[in-house]
Amino acid sequence: MKRVIDALHEREVMERLPVVRMEIDYELMMLHEAMKNEDEEQKAQSKERLEKLRNELLQLNVS
């Protein structure tokens, strides 16, 4: 049973990794736009979201 659970977890991680990377790319694009437009609110939101995505990516890589 443990092997089945481990296999399912590994599959979930492998499916989530590309999604997280795409979300990071998108958020970096949004941050770049906010910097060009000098939009401090959007910059702060993008940085916060990037930090959360970074932490998720680290968790997935550790698993």
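Start by selecting R49 and E23: the two form a salt bridge, with 3.0 Å between their closest N and O atoms. The pair ties distant parts of the chain together, R49 being in helix α2 (residues 40-62) and E23 in helix α1, 26 residues apart. A salt bridge here is a side-chain nitrogen of Lys or Arg within 4 Å of a carboxyl oxygen of Asp or Glu. Helices are DSSP runs (H or I, at least four residues; strands are E, at least two), numbered from the N terminus. R49 is partly exposed at 34% relative accessibility, and E23 is partly exposed at 24%. The cut-offs are under 20% relative accessible area for buried, over 50% for exposed, and partly exposed in between (1.4 Å probe, protein chains only).

The model is predicted, with local features needing pLDDT of at least 70 and side-chain atom pairs counting only at pLDDT 80 or more, while totals for chains, interfaces and linings use all residues. Residues are numbered from 1 along each chain as its sequence is written, and side-chain values use heavy atoms, leaving out hydrogens and water.

**Salt bridges within each helix**

The structure holds 8 salt bridges. Next, select R11 and E15, whose side chains meet in one of them (3.2 Å, N to O). Both residues belong to helix α1 (residues 2-36), and because they are 4 residues apart they are separated by about one helical turn. R11 is exposed at 54% relative accessibility, whereas E15 is partly exposed at 47%.

An α-helix has 3.6 residues a turn, so residues three or four places apart point the same way. E48 is partly exposed at 47% relative accessibility, and K52 is partly exposed with a relative accessible area of 49%. Now select R16, E23, R49 and E56 together: salt bridges that share partners join them into one network.

**Between the helices: E27 and S46**

Select E27 in helix α1 and S46 in helix α2. Are they buried or exposed? S46 is buried, with a relative accessible area of 0%, and E27 is buried at 11%. Their C-alpha atoms are separated by 6.0 Å, although the residues are 19 apart along the chain. The side chains of E27 and S46 make a polar contact (2.9 Å). A polar contact is a pair of N or O atoms within 3.5 Å; within protein, one must be able to donate a hydrogen and the other to accept it, and residues adjacent in sequence count only if both atoms are side-chain atoms.

Display the neighbours of each residue, leaving out those up to four places away in sequence. E27 touches Q42, S46, R49, L50 and L53, with contact meaning heavy atoms within 4.5 Å. S46 touches E27, M30 and L31.

**Along α2**

Which residues of α2 are buried? They are K43, S46, L50, L53, L57 and L60. What covers them includes α1. Select K43, a lysine in this set: at 18% relative accessibility, K43 counts as buried. Beyond residues up to four places away in sequence, K43 touches L31, A34 and M35.

To check the length of α2, use its end C-alpha atoms, which are 33 Å apart; its 23 residues should span 33 Å at 1.5 Å a residue, so the two values agree. The expected span is 1.5 Å times one less than the number of residues.

Step back to E38, in the loop between α1 and α2. E38 has a positive phi of about 55° although it is not a glycine. E38 is exposed, with a relative accessible area of 64%. Then select D39 and E41: at the start of α2, a side-chain oxygen of D39 reaches to within 3.3 Å of the backbone nitrogen of E41.

**Last stop: a surface patch**

Finally, select M1, V4, I5 and L8, which form a nonpolar patch on the surface, with about 440 Å² of accessible area together. Patches are made of residues with over 30% relative accessible area and no salt bridge, like charges being joined within 9 Å and nonpolar side chains (Val, Leu, Ile, Met, Phe, Trp, Tyr) within 5 Å. Accessible areas come from the Shrake-Rupley method with a 1.4 Å probe, and for residues only the protein chains shown count as cover.
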